[in-house]
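Please look over the sequence and the structure shown below.

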Amino acid sequence: MVLPAARTRDEAHLYLDLHPCDRCLSVSTSWDSTLTSVDGIPARRYAGICDDCGTGREYLFALPEHAAGTRPGTVHFGGSQPSELLDPGEWLLVADLTAEAGAAAADPAEAAESTGIALAAMVEILKFVPAGADAVPADLFRTERGRTVYRQEPGRFRRRRLEIVRDAYRDALDRIGPR
């Protein structure tokens, strides 16, 4: 069995938030996390009961070869390699939703958290752009949700545009002030 790797706790939790209960489509689940082994491969198991319908839910993620470091108070989804859990379109969806929430937040801490997630998501998208390429290749959109985001506006996945948006989120986070 090949398990996708969750590079960080933040990435695993984001993946869980994006995958609702198969039965009722709720994302409301209190997750328990434990270390385990699958076919001799170290893994992390997330298990819980859907808060809305009571269905048991479980996900297994391989542990990364090297743990990604993170600064306190920042959102960090992974190391230098692209995500195995989310494709570039899903990352852009996360960036859009959290940037919007950050812009609308009246509380500076909430604005900083949402904008930090948007910034981290943009950093993740850029990891899908191959060295020397000017855009994310279309074949890297492997989920229906990700392909839909790509089809709606493929120009949003050009390297330069991604860098401009990333930098704008970084500037917005700096304007919000210390967290």
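**Aromatic cluster and helix packing**

Tyr15, Trp31, Tyr46, Tyr59 and Phe61 form one aromatic cluster. This is a predicted model, in which local features need pLDDT of at least 70 and side-chain atom pairs count only at pLDDT 80 or more, while totals for chains, interfaces and linings use all residues. Residues are numbered from 1 along each chain as its sequence is written, and side-chain values use heavy atoms, with hydrogens and water left out.

Rings of Phe, Tyr and Trp (its six-membered ring) are paired here if their centres lie within 6.5 Å; planes under 30 degrees apart count as stacked, over 60 as edge-to-face and the rest as tilted. By this rule there are nine aromatic pairs. The ring centres of tyrosine 15 and phenylalanine 61 are 5.4 Å apart and the ring planes stand at 90 degrees, so this pair is edge-to-face. Because tyrosine 15 lies in helix 1 (residues 9-18) and phenylalanine 61 in strand 3 (residues 56-62), the pair ties together parts that are 46 residues apart in sequence. Helices (H or I, at least four residues) and strands (E, at least two) are DSSP runs, numbered from the N terminus. Tyrosine 59 and phenylalanine 61 form a stacked aromatic pair, with 6.4 Å from centre to centre and 5 degrees between the planes.

Phenylalanine 61 counts as buried because its relative accessibility is 2%. In helix 1, the buried residues are Glu11, Ala12, Leu14, Tyr15, Leu16 and Leu18. These buried residues of helix 1 pack against strand 2 (41-49), strand 3, helix 2 and helix 4 (144-152); contact means heavy atoms within 4.5 Å.

The next topic is the packing between helices. Helix 2 (residues 88-104) and helix 3 have axes that come within 8 Å and cross at roughly 160 degrees. Axes are lines fitted to C-alpha atoms, for helices over the stretch in contact, and angles run from 0 to 180 degrees between N-to-C directions. Helix 2 and helix 3 are therefore roughly antiparallel to each other; angles under 35 degrees count as roughly parallel, over 145 as roughly antiparallel, 65 to 115 as roughly perpendicular and the rest as oblique. The crossing of helix 2 and helix 3 is left-handed, a term used if the near helix is turned anticlockwise from the far one by less than a right angle, with right-handed used if clockwise. Among the residues that make this contact are Trp91, Thr98 and Gly102 of helix 2 and Thr115, Ala118 and Met122 of helix 3. By class, the contact of helix 2 with helix 3 has 13 nonpolar, four polar and one charged residues. Ala, Val, Leu, Ile, Met, Phe, Trp, Tyr, Cys and Pro count as nonpolar, Asp, Glu, Lys and Arg as charged, and the others, Gly among them, as polar.

Helix 3 (residues 108-126) also packs with helix 5 (residues 159-176), at an angle of about 160 degrees and with the axes 9 Å apart. That angle is why helix 3 is roughly antiparallel to helix 5. The crossing of helix 3 and helix 5 is left-handed. The contact includes Thr115, Leu119 and Met122 of helix 3 and Tyr169, Ala172 and Leu173 of helix 5. The residues of the contact of helix 3 with helix 5 divide into 15 nonpolar, two polar and four charged.

Threonine 115 is found in helix 3. Threonine 115 is buried, with a relative accessible area of 7%. Not counting residues up to four places away in sequence, threonine 115 touches Thr98, Gly102, Tyr169, Ala172, Leu173 and Ile176.

Helix 2 and helix 4 pack at an angle of about 75 degrees, and their axes are 7 Å apart. That makes helix 2 roughly perpendicular to helix 4. The contact is made by Gly89, Glu90, Leu92 and Leu93 of helix 2 and Arg145, Gly146 and Val149 of helix 4.

Two loop residues complete the description. Leucine 25, in the loop between helix 1 and strand 1 (32-38), has a positive phi of about 70 degrees although it is not a glycine. Leucine 25 is exposed, with a relative accessible area of 63%. Aspartate 39, in the loop between strand 1 and strand 2, has a positive phi of about 55 degrees although it is not a glycine. Aspartate 39 is exposed, with a relative accessible area of 62%.

How values were computed. Buried means under 20% relative accessible area, exposed over 50%, partly exposed in between (1.4 Å probe, protein chains only).
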